[in-house]
Amino acid sequence: MSGGAERRLPGHYLKSKEMYSLPGLVEYRPVARYLFSAGQAQSRFLDGLKEGKILGKRCPRCGRVYVPPRSYCEYCMAPTSEWVELPGTGEVHTAVVSYISTFRERMEKPEIVAVIKLDAPGYTKGGYEFAGLFHKLCNVEPEDVISGRAIGMRVKPRWRPPEERKGDVNDIECFEPVES
Amino acid sequence: MSRRVAIIGVGWYGFKPSIPDLSFREMMFEASMRAAEAAGVDLRKDVDAFVSSQEDYWEGIAISDEFAPEPIGGVLRPTFTVAGDGLQGLAQAYMLIKTGYFDVVLVESHAKPSDILSLDKIYELALDPVNIRPLSPSNPLFTAGLDAVAYMSRTGLEREDLAFIAVKNRVQGLRNPRASYAAKISLEEVLEAEAYIYPMTRYEVAGFTDAAITVILASEDVARRFTDNPVWVSGVGWSTETGTGALAWHEWGRMKSMRMAADMAYRTAGVKPSQIDLAEVEDRFSFMEPLTLEEARLAPEGGAAKMAREGVFSPDGSLPVNPSGGSLAMGVALEATGLARLLEAYLQLVGAAGPHQVEATRALVASWRGPPTYTSMAVVLESEDAL
Amino acid sequence: MRPNIHVKNKVAVVGAGLTLFRRRMLETPRELAWEAASMALESAGLTLKDIDCIVIGTAPDAFDGVHLNGEYLADGAGGVNKPTVRVYVGGGTGVFVPIAAWWHVASGLCRTVLAVAEEKMSPAHPHPQGVFAYIWDPVLERPLGPNLIWIFALEMRRYMHKCGAKKEDIALVSVKNKANALDHPAAQAAAKITVEDVLNSEVLVWPVNRLDISPVSDGAAALVLASENEARRITDSPVWVEGVGFTLDNTHWYNRELGYPRYVQYAARMAYKMAGIERPWREIDVAEPYDPFDYKELHHIEGLMLARPCEAPKLLKEGHFNRDGDLPTSPSGGLLGVGNPIAAAGVMKVAELFWQLRYEAGARQVKKPVHRGVAQAWGDLMQAGTVIVLGN
């Protein structure tokens with residue numbers, strides 16, 4: 001491909017309308033259904049959520065408390081041992097404002113999505129690794145994300161009422177700012 | 001091609017039709033810890049690269065290799081996935097060591113078919129979307145039936161010849177703790193059982209099993225530091241006969257990819273088929289065991305089924321074939337099936353097979369990825385006693 | 001891993017091929033693979049008979065809508081009746097395909113390897129974004145209804161916070177790459193745009209606007225790699241694989257700092273060590289860092305140690321990374337300009353180094369003399385780094 005520009009490359013572009021009017025177009029919807037085993041660590045974690053608790057699991061070697069918990073420490077390759085209940089508080093590591101849904105449809109009301117760095121023992125302050133969750137924020141305005149005020153903000157979980165909890169990560173409705 | 005490659009440890013977990021209490025990741029961890037213990041290796045310090053073997057739709061996760069590193073020790077290490085059978089993963093590890101740059105490489109594969117609720121539809125999803133899927137074959141494994149019929153008509157075999165393989169392997173499996181589908185059955189029971197894919201009945205088609213297997217390989221000099229009982233990976237081979245979109249090109253009733261994979265494994269090992277004294281080979285459909293043996297030149301064309309009935313391939317015969325019970329007794333562990341065969345051959349060569357131990361020093365391990373694909377893998381393993 | 005060992009068998013890239021990258025293509029995935037593969041063979045003056053082994057790369061099967069997609073592509077990729085394997089590290093697959101081809105040859109097992117990557121995102125319907133709904137942890141993440149752009153936006157926001165980078169600083173990457181792509185014959189999204197155009201494009205997930213992102217594409221790309229003996233027979237100007245590196249970080253991307261990609265740095269260190277490079281910011285002449293999003297190029301430049309952490313936005317503004325700059329990055333136009341058929345885009349980047357190092361890049365040829373280049377891709381949940389160093 002010397003020169004690059006002069007050579008015409010293979011392939012034929014189709015406009016959307018052209019593609020949908022192609023003869024022999026086959027529509028197929030994959031039937032892919034699964035029943036995932038959450039396993040030892042995640043199952044207990046989900047039970048904890050139902051009780052309004054955020055549970056972590058400690059590595060006996062390095063002392064990291066994992067949230068979400070795992071059955072093994074990925075840095076030491078040792079089975080994790082004791083369960084630790086965390087206060088649930090933490091700070092916003094990063095946050096964004098989403099205007100689109102999973103399937104890229106425009107949403108009426110934007111959502112604030114964040115990585116929450118939880119207060120948990122076993123990590124160096126300001127270190128690369130931390131215990132944390134991926135979740136949504138409420139009582140935080142898009143402007144707080146854009147200005148940067150939201151980052152580093154102290155937050156706590158807002159739990160759904162006990163009767164609505166299902167042992168699901170959505171038992172936490174969202175994280176919200178800790179009142180000062 | 002100077003450095004030899006050894007297996008220094010193998011670990012496994014599962015081999016049950018369903019393991020609801022552990023996630024696939026926890027199964028991977030259990031297998032990897034056992035392999036590390038067997039090899040005397042610290043997974044976080046001694047391993048140069050990690051290979052996982054899996055496929056997205058078996059896992060139910062797009063980009064499933066995201067989940068590979070944590071349970072096998074591969075976090076922040078050279079870790080990658082082969083979208084293929086564990087033996088293809090093993091071949092990559094073999095090559096990595098042969099470059100001279102890597103000394104210890106871990107290979108992992110796992111399967112949790114019990115998590116999949118629509119397994120037949122997942123198989124259907126592997127068929128060509130334009131040419132074959134619109135035909136909505138009621139059983140997406142139908143290509144195996146076509147191959148079985150073509151094989152029978154080429155060799156003059158009868159249904160009894162194929163059914164006998166199911167009897168042999170399911171009964172042999174009774175001595176193997178990993179063989180969840182072992183059964184004391186008779187030829188009549190196999191022949192009279194419910195038809196599954198003509199010409200095969202339910203007993204002639206392997207079930208599915210949840211399993212995780214981890215194998216640790218090392219270069220020769222490093223292997224000696226860890227073990228005094230290495231098993232040598234003397235040769236590897238793998239081949240694809242045709243893409244799944246081109247079934248029309250497939251040579252029905254043959255396994256051309258198996259022939260090519262086995263020939264490559266013998267060539268890289270520098271051994272002749274006649275030197276093989278143990279075979280752990282593909283048998284997820286009854287006809288595949290004799291066909292594989294023929295394609296791998298361990299039996300003459302059309303002669304394997306007869307040799308099986310004469311006892312040549314029995315545990316006390318001159319060439320034991322699938323003394324583990326094979327996939328017919330152990331179940332198909334999706335992409336971990338090749339490593340299941342390798343695990344069994346390895347245990348035989350180090351004398352740790354337990355109740356189903358046979359005498360052997362040089363094994364052919366062979367697996368196949370279908371249906372509906374036509375990729376085969378073969379490995380020649382040798383114990384320290386193989387001369 | 002052995003330090004300071006010279007890999008016994010040297011490996012060279014001797015041919016490259018590409019299809020057009022477009023939003024929708026008439027060709028089936030297998031046909032796209034065949035087009036790229038046959039062009040790569042032709043450019044090396046070889047036929048399929050001369051090829052010992054095949055390596056295939058394609059990212060999630062869900063795009064093509066085919067389970068066991070490597071098997072499906074095998075005949076288009078020339079993999080029939082040959083040792084064929086598909087390797088996979090998510091979005092990092094593109095650069096990983098030539099890395100896997102490298103060990104096929106460096107091991108001595110294969111003399112020549114055809115490395116083919118293909119992606120056809122258009123069959124996923126109504127929008128390929130839907131496929132990304134299934135990349136998450138099925139228990140802890142999927143119930144939140146995540147969108148792939150979320151995690152990029154989260155990473156970008158963190159990078160901006162950590163480095164004090166502004167959206168307009170980052171948008172310059174998109175402006176540069178889309179302009180570079182005007183000279184690329186495969187380009188899908190080449191354009192003369194301004195920073196304002198980026199800032200005024202639709203906000204998807206703040207801070208990510210539509211023009212911060214590479215397009216959805218169909219396309220294929222292929223390379224031919226060969227042992228030293230074969231390479232010298234095939235061409236007078238082989239381009240050598242001097243180093244390869246690859247790393248996977250943990251799955252729990254929300255359990256670590258998102259402002260700096262340590263997974264790229266680890267992979268880069270491995271590749272530089274193999275190549276004997278100690279000061280990459282001086283020893284690398286041209287780079288193709290992975291740029292599915294504009295901030296990603298800056299993030300990856302820092303991970304590749306071509307700039308200090310947080311220094312890339314400033315160097316970008318000074319023109320350091322322009323085609324006539326001191327260290328041109330994405331002279332091809334990158335994913336932002338040429339397009340992003342995932343695995344094929346990574347191979348396109350390695351192909352660009354191949355052409356640059358042979359002084360065959362035509363209007364895209366960088367101004368400075370070139371001896372060594374680095375290409376990199378990223379993948380999975382902010383996890384995978386794949387790095388290859390080529391030299392002439």
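View 1. The bridge partner of Val82(B) in strand E3 of chain C is Val87(C). Strand E3 of chain B (residues 79–82) and E3(C) pair in the antiparallel sense over 2 bridges; strands are DSSP runs marked E of at least two residues, helices are runs marked H or I of at least four residues, and both are numbered from the N terminus. Two strands count as paired if DSSP finds at least two bridges between them. The model is predicted: local features need pLDDT of at least 70 and side-chain atom pairs count only at pLDDT 80 or more, whereas totals for chains, interfaces and linings use all residues. Residues are numbered from 1 along each chain as its sequence is written, while chains are lettered from A and ligands numbered from 1 in the order in which they are written.

**View 2. The side of chain C that touches chain B.** In this interface, 55 residues of chain C are in contact with 53 residues of chain B, contact being C-beta atoms, placed from the backbone, that lie within 7 Å. Elements of chain C that each supply at least two residues to this side include H2 (61–64), H3 (69–73), H4 (93–106) and H9. E3(C) gives the most, with 5 residues. By residue type, the side of chain C that touches chain B divides into 30 nonpolar, 15 polar and 10 charged residues; Ala, Val, Leu, Ile, Met, Phe, Trp, Tyr, Cys and Pro count as nonpolar, Asp, Glu, Lys and Arg as charged, and the others, Gly among them, as polar.

**View 3. Helix H9 of chain C and its surroundings.** H9(C), residues 262–275, has 11 of its 14 residues buried, a buried residue having 20 or more other C-beta atoms, placed from the backbone, within 10 Å of its own. Among the buried residues are Tyr263(C), Tyr266(C), Met270(C) and Tyr272(C). The buried residues of H9(C) pack against elements of chain C including strand E8 (239–248), helix H11 (294–303) and strand E10 (372–379). After H9(C) comes Gly276(C), with a positive phi near 70°.

**View 4. The three-stranded sheet of chain A.** An open sheet of 3 strands in chain A has the order E2-E1-E5, with antiparallel pairing. Strands E2 (65–66) and E5 (83–86) of chain A stand at the edges, each with a single partner strand, so one side of each has no neighbour in the sheet. E1(A), residues 54–58, pairs with E2(A) over 2 bridges, and Val65(A) in E2(A) is the bridge partner of Arg58(A).

Technical notes:
Expected span 1.5 Å × (residues − 1). Buried ≥ 20, exposed ≤ 12 C-beta atoms within 10 Å, placed from the backbone. Contact = placed C-beta atoms within 7 Å.
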